[in-house]
Amino acid sequence: KTVWIRAREAQPRTKGRDMPAPAYARTSAMNTTSKAVRLGGAFKGASSFTRVHPKLVASVHRSGSQASVRPAVVQVSNRTVVIGLAADSGCGKSTFMRRMTSIFGGDPKPPKGGNPDSNSLISDMTTVICLDDYHSLDRYGRKDAGVTALAPEAQNFDLMYDQVKALREGKPVDKPIYNHVTGILDPAETIEAPNILVIEGLHPFFDERVRDLLDFKIYLDISDDVKFAWKIQRDMAERGHSLQSIKASIEARKPDFDAYIDPQKQVADVVIQVLPTQLIPDDNEGKVLRVRMIQKEGVKNFTPVYLYDEGSTISWIPCGRKLTCSYPGIKFFYGPDTYYGQEVSVLEMDGQFDKLDELIYVESHLSNTSAKYYGEITQQMLKHAEFPGSNNGTGLFQTLVGLKVREVYEKVTSAESASAVAS
């Protein structure tokens with residue numbers, strides 16, 4: 001019989017750092033003393049949800065060179081943990097997904113042998129589904145009805161709710177595919193329930209029924225100035241669009257964005273907000289960014305990251321001997337605030353790194369990061385150094401949120417497994 005246990009390797013605490021978090025292990029029910037190592041590829045299929053021996057309570061503890069067995073929590077749940085990611089199109093959802101899923105292992109790919117135009121991405125522990133697949137109107141239907149893809153009447157929220165609920169309960173679904181090339185709905189694909197389901201798109205928090213299924217909610221909030229600069233850089237340089245056509249496209253979407261997409265950030269647990277830099281007066285290029293990680297207080301299974309001293313107001317310019325900074329430099333800020341009437345902690349970075357490996361210096365001053373070991377944040381950033389935003393706060397905060405998602409998963413599954421053992 002195969003079981004999943006949570007193992008913790010004892011290490012001395014480093015001042016200001018988190019203790020190492022559990023690794024995942026696949027082991028025999030009759031062999032619970034081997035060191036835990038997560039093995040990829042064992043999470044696929046509905047059968048992966050029968051992984052708990054209800055009486056197994058064991059983990060590995062290393063003390064020097066001697067291994068011993070001690071009581072622990074079984075690191076498994078009978079349901080999928082569901083994460084929601086909301087953002088407008090062109091706001092970096094795909095890059096964020098790649099950063100986050102890599103933390104759990106594996107290379108996210110479309111369903112094997114399926115539709116090459118599938119929007120779903122499946123890796124060792126995670127499945128990402130795009131909520132565009134729940135359009136009730138295809139591109140031509142929207143044109144006939146005179147609505148945009150952002151309008152609620154162009155979405156099938158009933159099917160979205162039914163299928164996310166089924167996946168959360170460990171059941172497979174036959175999910176439609178919205179083909180972004182042809183603009184029509186393709187035949188459905190079968191999606192098995194994963195350990196972690198990420199639903200990303202325009203409306204993950206819009207429908208209250210779907211919102212209540214989510215274990216953690218993330219919103220990517222790109223300011224109009226930055227979004228406009230990014231779109232000009234992409235569409236003019238890469239696609240040959242005129243400045244007038246780009247402005248017209250943005251303005252056509254804006255009323256529905258303001259009405260239906262933007263308000264969802266009010267219910268998010270974490271908002272990554274991308275703004276123009278304050279370090280360069282009258283900057284309009286959007287190459288240097290000021291990024292804020294707005295973290296809601298009192299969220300279940302989530303503790304905000306802080307800089308230096310929790311709850312204090314900190315302004316920090318780290319450039320010097322330990323961090324190489326060319327013009328305009330780097331500035332960090334941390335402190336308490338309110339966001340739509342809710343208590344939040346805000347961590348902010350303005351500027352960009354010259355040498356990414358020097359991020360370890362910044363990492364050493366952050367706490368509650370949910371990293372498993374000192375240097376994990378820097379390692380994750382270096383691993384994806386070619387991703388957009390890797391030299392500024394977008395990459396750093398996406399990585400931090402990815403580590404928080406891992407912590408949410410561990411806390412949810414630990415709590416439910418403990419409940420199952422107790423019963």
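**A loop lysine, a disulfide and a strand**

Author: In this predicted model, Lys171 lies in the loop that runs between helix 3 (157-168) and strand 8 (173-178).

Reader: Is Lys171 buried, partly exposed or exposed?

Author: Buried requires under 20% relative accessible area, and exposed requires over 50%. The relative accessibility of Lys171 is 44%, so Lys171 counts as partly exposed.

Reader: Which residues does Lys171 touch, not counting residues up to four places away in sequence?

Author: Lys171 and Ala193 are 22 residues apart in sequence, yet their C-alpha atoms are 5.7 Å apart in space. With residues up to four places away left out, the residues that Lys171 touches are Ala166 and Ala193.

Reader: Which side chain is joined to that of Lys171 by a polar contact of 3.0 Å?

Author: A polar contact needs N or O atoms within 3.5 Å. At 3.0 Å, the partner of the Lys171 side chain is the side chain of Glu169.

Reader: Which cysteines form a disulfide?

Author: The sulfur atoms must lie within 2.5 Å of each other. The count by this rule is one disulfide. With sulfur atoms 2.2 Å apart, the pair is Cys319 and Cys325.

Reader: What is the handedness of the disulfide of Cys319 and Cys325?

Author: Cys319 is partly exposed at 29% relative accessibility, and Cys325 is partly exposed at 23%. The torsion about their S-S bond is about -85°, so the disulfide is left-handed.

Reader: Are Cys91 and Cys130 buried or exposed?

Author: The cut-off for buried is under 20% relative accessible area. Cys91 has 4% and Cys130 has 8%. Cys91 is therefore buried, and Cys130 is likewise buried.

Reader: Which residue stands opposite Val291 in strand 17?

Author: Strand 12 (residues 270-276) runs antiparallel to strand 13, with seven bridges joining them, and Val270 has Gln295 as its bridge partner in strand 13. Strand 13 also pairs with strand 17 (residues 342-351), in the antiparallel sense and over seven bridges. In strand 17, the residue opposite Val291 is Met349.

Note on methods:
Residues are numbered from 1 along each chain as its sequence is written. This is a predicted model: local features need pLDDT of at least 70, side-chain atom pairs count only at pLDDT 80 or more; totals for chains, interfaces and linings use all residues. Side-chain values use heavy atoms; hydrogens and water are left out. Buried means under 20% relative accessible area, exposed over 50%, partly exposed in between (1.4 Å probe, protein chains only). Helices (H or I, at least four residues) and strands (E, at least two) are DSSP runs, numbered from the N terminus. Contact means heavy atoms within 4.5 Å. A polar contact is a pair of N or O atoms within 3.5 Å; within protein, one must be able to donate a hydrogen and the other to accept it, and residues adjacent in sequence count only if both atoms are side-chain atoms. Two strands pair if DSSP finds at least two bridges between them.
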